[in-house]
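Trainee: Could we go through this one together, one topic at a time? I'd like to begin with an interface.

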4 protein chains.
Amino acid sequence: MNLRIGVIGTGAIGEDHIRRITNVITGARVVALSDLNVNRAKNLAKKYDVKFYVTGEEVIEAAEVDAVVIASWDPTHAQYVAASIKAGKFVLCEKPLATSKEDCKRIVEAELAGGKQLVQVGFMRRFDSGYRQLKACIESGEIGNPLMLHCVHRNPTPGPKHTTEMSIKNSVIHEIDVLRWLLGEDFKTAQVLLPKSSSLAENGLRDPQIVLLETQSGVRIDIESFVSCQYGYDVQCEVVGETGTIRLPDPAAVVMRSHGKLSYEIFSDWSDRFVEAYNIEFQQWVDGVKLGVVAGPTAWDGYAACITADACTEAREKGTIVPITMPQCSAFYGR
Amino acid sequence: MNLRIGVIGTGAIGEDHIRRITNVITGARVVALSDLNVNRAKNLAKKYDVKFYVTGEEVIEAAEVDAVVIASWDPTHAQYVAASIKAGKFVLCEKPLATSKEDCKRIVEAELAGGKQLVQVGFMRRFDSGYRQLKACIESGEIGNPLMLHCVHRNPTPGPKHTTEMSIKNSVIHEIDVLRWLLGEDFKTAQVLLPKSSSLAENGLRDPQIVLLETQSGVRIDIESFVSCQYGYDVQCEVVGETGTIRLPDPAAVVMRSHGKLSYEIFSDWSDRFVEAYNIEFQQWVDGVKLGVVAGPTAWDGYAACITADACTEAREKGTIVPITMPQCSAFYGR
Amino acid sequence: MNLRIGVIGTGAIGEDHIRRITNVITGARVVALSDLNVNRAKNLAKKYDVKFYVTGEEVIEAAEVDAVVIASWDPTHAQYVAASIKAGKFVLCEKPLATSKEDCKRIVEAELAGGKQLVQVGFMRRFDSGYRQLKACIESGEIGNPLMLHCVHRNPTPGPKHTTEMSIKNSVIHEIDVLRWLLGEDFKTAQVLLPKSSSLAENGLRDPQIVLLETQSGVRIDIESFVSCQYGYDVQCEVVGETGTIRLPDPAAVVMRSHGKLSYEIFSDWSDRFVEAYNIEFQQWVDGVKLGVVAGPTAWDGYAACITADACTEAREKGTIVPITMPQCSAFYGR
Amino acid sequence: MNLRIGVIGTGAIGEDHIRRITNVITGARVVALSDLNVNRAKNLAKKYDVKFYVTGEEVIEAAEVDAVVIASWDPTHAQYVAASIKAGKFVLCEKPLATSKEDCKRIVEAELAGGKQLVQVGFMRRFDSGYRQLKACIESGEIGNPLMLHCVHRNPTPGPKHTTEMSIKNSVIHEIDVLRWLLGEDFKTAQVLLPKSSSLAENGLRDPQIVLLETQSGVRIDIESFVSCQYGYDVQCEVVGETGTIRLPDPAAVVMRSHGKLSYEIFSDWSDRFVEAYNIEFQQWVDGVKLGVVAGPTAWDGYAACITADACTEAREKGTIVPITMPQCSAFYGR
């Protein structure tokens, strides 16, 4: 039986997820969609032979919808997640879970009150083969206890209307989640360094930034965020343990020797870099939902990421080291 | 609508394909199977809720079967492919298409007589991301016309009952096909060099061997075949063009620094190395069959590979340079 | 004509320099030496057919000595450098120039008073081929203005009696100098992060440490210092510019495929890693001295490094961000 | 005491060796030189304050000359080496030792008759750090017995007047010598494959060529020679043993990420690629001569390389597999 999915938000990412569910993932199909951009949504509905609804709530409540994917504008995530919980339907929400930690908290409380985990947050890096190898390697003990992580997250150019704040909230938040998962612990303090800005960073954007995190056990993390690095989309992660180090590999690419150089190509786009991670994320989500379980990052993970990102923002604004206080996690979330 | 597939042969590869069609590929499901090992086949039929048939021919003729996958013992391939053509059903046959060029020729003639391409041969490397990048790069002209290819195909240890002849017929045949496809031309001569055998090659096996091929336009290819290299499963391919070279990358793997070395892991198994290629091969085959077309290597490609492999075997046995005469290819196969 | 050199201090490094001057460098020879360990010094004097003196001052004043190399115990550097200046002789002093910035300042003032540059400090990394390539690349503009540097300095195990303070004063000081030279500017602030210590760091040593430096123009530098990393001696440096990044290469080493891994060896010792840099440093020093010029890091560079290292130490002890105030550099030192 | 060297032939390589002996090598100086191009030679004599002689023989016989370096036109090598033997002086002769195997044989016989090894041939690759690591690794047994070698020798463009024959006699001869040395055995057969020529190879040059060699124990070697590869000077060597493989590394070069690519530079010139090997070759030759021994490739090695290159040339011309018959080596040459 195919899982019948309703998709809320059919912008670039939403459309890509519809294509993915239709052409790549097995055991699921899209049956309903909605978007504020009605024309675009209706065209997609026609193309994929899917029912169009005017509101996200209608999608969530539709009888033919088994589970929901949210890929709408960030500020609307919280309301659609809440409605999905209320409807008792599994929901995969693109990050962020919500734009404020208060909203995250309300979602967590609603899910707890409902007594069943229904929410997964779209932190796809946990499904990337490289990060999975890193995690397996850490857990094998081959490099001893992790002591430091050196991370890099670069985009060639920022999206339109990108702000200094968004570098952390929309971009570094991926590292915040995946490093929590890699290390299995929460963060204790945050600090943000502001190097000289690139002359190619426009409109007053502070870029690059360096986020410094400390975990509760004392592991030290530095994350370079550079959204106008020009040369490509580049994600790096080195874990330094007591007896060795491991490093995320670049994607496999043909090695060329020509014009006096050995070279290989670097992706220019995050969606190419993580396309396999997205595919695995969706396949495992669909398989899990059919079994009645959430197999990926939970609402609590979304909440924890939001708290951490907020602390980073505060640290950047104040120029100080900011303590991160994480609320006690319910056993419900299995910690 | 799901494509309903019958699988003939449920050994290791056949079972893996059943799993693949069921859990990975979208738009298809297995509905029937058969195998000489009846117990094993019946257990799989139960596990995957699929109908068991005693003979491959019954699978092919079953009304509920839309298309056929052949993963049985090599000498049985020809008869099942012929039966599939006769039944007018699309068929994906694991390599080799047949164990003799006469059988290959009969298949090609039967398909031609039927007037419709139905057969695809399981040369999965054409679907590997690295080889696809190589082909795109050659066609872009970035390295000029190809002049030479240096290839390596190593296994840690040979399978049981592996013979000197099988190194070419079962292993190098992958290079034979994928290089024909990469270069878009057939071969003119074959020669085989026999280096000193490894002391770890058992039972009189001549291992390694070096196959030298010359294409019709004069491109020179050397292929090292080494089935008892001990250290891992390793496939390499360097294309040397007039102005540059390109090389198949190793699969992306975490880079470790420990114990005085930088290192990364090499796969030990071909099925891990090419798992993505198999997935893409099957998805594209399913998608193509639904559109009524064969989107991969054809019966003619299987025939051409068999002729070339036979010439290599003759070259090894005689110790001479053997000319390769390729029959005229019908326009039916689009050349 | 050979430059006649007196060597003060004949421990491991001193002896290596005597060997280097004798067997590797052209245009120079050792004619005199001294060491507190008289037996060892006398044996070396006999082996290399060189005159032994009881005190460093006697070496410096000896008529047959044209120039002096200081490789004695760190706290004695200042007095021998001062004596060399007084004697009007060129002197190559192993880092550090002195163990306090007050001593460094006195040396600078004495050299200024003498009116002639005579002192070179043994920061050999400036002569390493990799760092030279980095500098050439920065100056070419190929990666735009540098914005950030990510550096790593790891030793397998600390020397005997290594202290938390020495990680900066004796080890990170190499980065302090070479990054000043790479970027052509001084530092503005220092901060030190203390990750969870490795369980393999003995005797209360805080290891690893992360040194954060900010240059006067706002470039941000992070330097991981890890003196008990176990796996090897490893120096890394990545420069992130506005349009691209460059990275110090690992030394060229044979690439092996065996036992399921691709690997290459990492040096276990700094003297192997930088042997070529030392050779070039000495050859260029000898060539320069013959022309009457100091062609490497000056007394002022030694002073600046000391001031910066002291600020880092203060930052570590206080746990705060410490401003670095650099005195005005005289035109005498060409800034 | 400095070894006093006379240099015959002051073209590009000869001048480079004068510079090397003067500025890089310790324990030697040039005292005499000659060249057919008298003006050029006189200018160099003035620049380096060295005595000019009209003929090479005069240089060899000059009382002030302790040892001779020959870097003249290939066809003159034999006469100058013979004269050096006659004069009882050590001589380092650029490859080839002579342009015919008959001349090589006469040199070997003259040296034998003289009863003392005096001749070293300028096969500098034996002194390259990468090849030395390969040899050490083979001898350590880490990869088991060598079975195959895959080699590449590429130049961006051929020198003026380069001929098809010279690709082997002047270029592949480096592989012939260094592989004999790596493996410690002679060759049994030669074959040459002629791929389609590059359209960029001018004046009827057959380029690339592939040389196939078989050692007496059955190791198989393929050497790609491509003198108009356009992109750079590139030397590769992979040794495949029974349990693993080793590969010559590319020279260490800064790794850049820019413009959508990761890249590093490849040398464009052999003299840059092997500059360190030349330096070590000369230093060890000087050190050896002072001790009265030849520490590098001997006249016999030059003879063996010439015999092998001649067999390759015959194999190319006839298009057949040519047996290589090596004369019995005298114990004088330590085999």
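Trainee: How many residues of chain A are in contact with chain D, and how many of chain D with chain A?

Mentor: Quick ground rules: this is a predicted model, where local features need pLDDT of at least 70, side-chain atom pairs count only at pLDDT 80 or more, and totals for chains, interfaces and linings use all residues. Residues are numbered from 1 along each chain as its sequence is written, chains are lettered from A in the order in which they are written, and side-chain values use heavy atoms, with hydrogens and water left out. Taking contact as heavy atoms within 4.5 Å, the tally is 14 residues of chain A and 14 residues of chain D.

Trainee: Which residues of chain A lose the most area to chain D?

Mentor: Buried area is the accessible area (1.4 Å probe) that two parts lose on being put together, summed over both. Chains A and D bury about 1,400 Å² between them, with 52% of it on carbon and sulfur atoms. On the chain A side, 43% of what is buried comes from three residues together: A:Tyr231, A:Arg257 and A:Leu262.

Trainee: Which residue of chain D does the side chain of A:Arg257 meet in a salt bridge?

Mentor: A salt bridge here needs a side-chain nitrogen of Lys or Arg within 4 Å of a carboxyl oxygen of Asp or Glu. Chains A and D have four of these between them. For A:Arg257, the N to O distance is 2.8 Å, and the partner is D:Asp250.

Trainee: Which element gives the largest share of the chain A side that touches chain D?

Mentor: Helices (H or I, at least four residues) and strands (E, at least two) are DSSP runs, numbered from the N terminus. Strands S11 (234-241), S13 (255-258) and S14 (261-265) of chain A each give two or more residues to that side. The largest share, five residues, comes from S14(A).

Trainee: Turning to cysteines, how many disulfides does the structure hold over all chains?

Mentor: The test is a pair of cysteine sulfur atoms within 2.5 Å. B:Cys104 has its closest cysteine sulfur in B:Cys306, 3.9 Å away, so that is too far for a bond. For C:Cys312 the closest is in C:Cys306, at 11 Å, also too far. The count over all chains is zero.

Trainee: Is B:Cys104 buried or exposed?

Mentor: Buried means under 20% relative accessible area, exposed over 50%, partly exposed in between (1.4 Å probe, protein chains only). B:Cys104 has 0% relative accessibility, so the label is buried.
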